[in-house]
Structure formats: C-alpha cells, structure tokens
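This text walks through one protein chain, moving from its overall make-up to single residues. Please keep the structure in view while reading.

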Amino acid sequence: MSLDERFNEAAEKVKTLTERPTNDELLELYALFKQGSVGDNNTEKPGLLDLKNKAKWEAWNGKKGTAQDAAKEAYIAKVEELLAKYPHS
C-alpha cells in the first residue's frame, strides 16, 4: 500500500473513534494532516479573538518545513496511537 493510501486510510480510521481525544491531540492531528496534505501553512493568521482557528493555525504553522511525506508518516503513527488509546467502532 502506498503512503498516500495509508494516509487516506488513517484519515478514515480516525473518524471511528467513539471517545474524543484531548484538544492537544486534536491540534497535533490537525497540524499533521494539513502539513501532509497541503504543505507549509500559507494562510493569514486569524484574528486575536478567533481563539479556535488561531490555535489550529499555530499548530499547523509549527510544522513548517516538515516534508509532506514525513508529516504523512507522523499522522499515520498518531492515528494508530489514538486508536490504541481510545475506544473506536
């Protein structure tokens, strides 16, 4: 199975979690997914009062310079870690 296929499969598997991961885990997952699928963050930083999107933007921006393939591998590993930690269907 190719890296892209494993990445897409992990993206589907993570949706089967029946318990919500922590906010930090979700931010890490989001950042790795965006870095793996889009690459470096090239969007404008959200406003100061937009706390949720600002946190997501900062998490993704923290992955700047990480190769997309490396981010995909890290994303897959993070999904596997969450599947082992939390109940899923």
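Two residues are said to be in contact when heavy atoms of theirs lie within 4.5 Å. The model described here is predicted.

A record gives a starting point. UniProt, in an unreviewed entry, places the feature "domain: ACB" at residues 3–88. Over residues 3–88 the chain is 64% helix and 0% strand, and the end C-alpha atoms of this stretch are 23 Å apart.

Begin with helix 1, residues 3–13. Its buried residues are Leu3, Phe7, Ala10 and Ala11. Viewed down the axis of helix 1, these residues fall within an arc of 100 degrees, so they line one face of the helix. The buried residues of helix 1 pack against helix 2 and helix 4.

Helix 4 spans residues 68–85 and has 18 residues. From its first C-alpha to its last, helix 4 reaches 25 Å, close to the 26 Å expected at 1.5 Å a residue. Buried in helix 4 are Ala71, Lys72, Tyr75, Ile76, Lys78, Val79, Leu82 and Leu83. Down the axis of helix 4, the buried residues fall within an arc of 165 degrees, so they too line one face of their helix. What covers them includes helix 1 and helix 2.

One of the buried residues of helix 4 is a lysine, Lys72. Why does Lys72 count as buried? Its relative accessible area is 11%, and buried means under 20%. Which residues is Lys72 in contact with, leaving aside its neighbours within four places in sequence? They are Leu3, Asp4, Phe7 and Gly36. With Phe7 there is a further relation: the charged end of Lys72 sits over the ring of Phe7, 5.6 Å from its centre.

The structure holds three aromatic pairs. The rings of Phe7 and Phe33 have their centres 5.3 Å apart and their planes at 10 degrees, so this pair is stacked. The pair links distant parts of the chain, with Phe7 in helix 1 and Phe33 in helix 2, 26 residues apart. Phe7 counts as buried because its relative accessibility is 4%, whereas Phe33, at 31%, counts as partly exposed. Together with Tyr75, Phe7 and Phe33 form one aromatic cluster. Tyr75 is among the buried residues of helix 4.

Helix 3 runs over residues 51–61, and its buried residues are Lys54, Trp57, Ala59 and Trp60. What covers these buried residues includes helix 2, residues 23–37. A second case of a charge over a ring is that of Lys56, whose charged end sits over the ring of Tyr30, 4.7 Å from its centre.

Pro46 is found in the loop between helix 2 and helix 3. Not counting residues up to four places away in sequence, Pro46 touches Asn53, Lys54 and Trp57. Lys54 and Trp57 are among the buried residues of helix 3. Pro46 and Glu58 are 12 residues apart in sequence, and their C-alpha atoms are 9.5 Å apart in space.

Notes
Residues numbered from 1 in each chain as written. Predicted model: local features only at pLDDT ≥ 70, side-chain atom pairs only at ≥ 80, totals over all residues. Heavy atoms only, no water. Buried < 20%, exposed > 50% of the residue type's maximum accessible area, 1.4 Å probe, protein only. Helix = DSSP H or I, 4+ residues; strand = E, 2+ residues; numbered from the N terminus. Expected span 1.5 Å × (residues − 1). Arc of directions from axis to C-beta. Phe/Tyr/Trp six-rings, centres within 6.5 Å; stacked < 30°, edge-to-face > 60°. Lys NZ or Arg CZ within 6 Å of the ring centre and 35° of its normal. UniProt positions renumbered as here; feature names shortened; annotations may be inferred.
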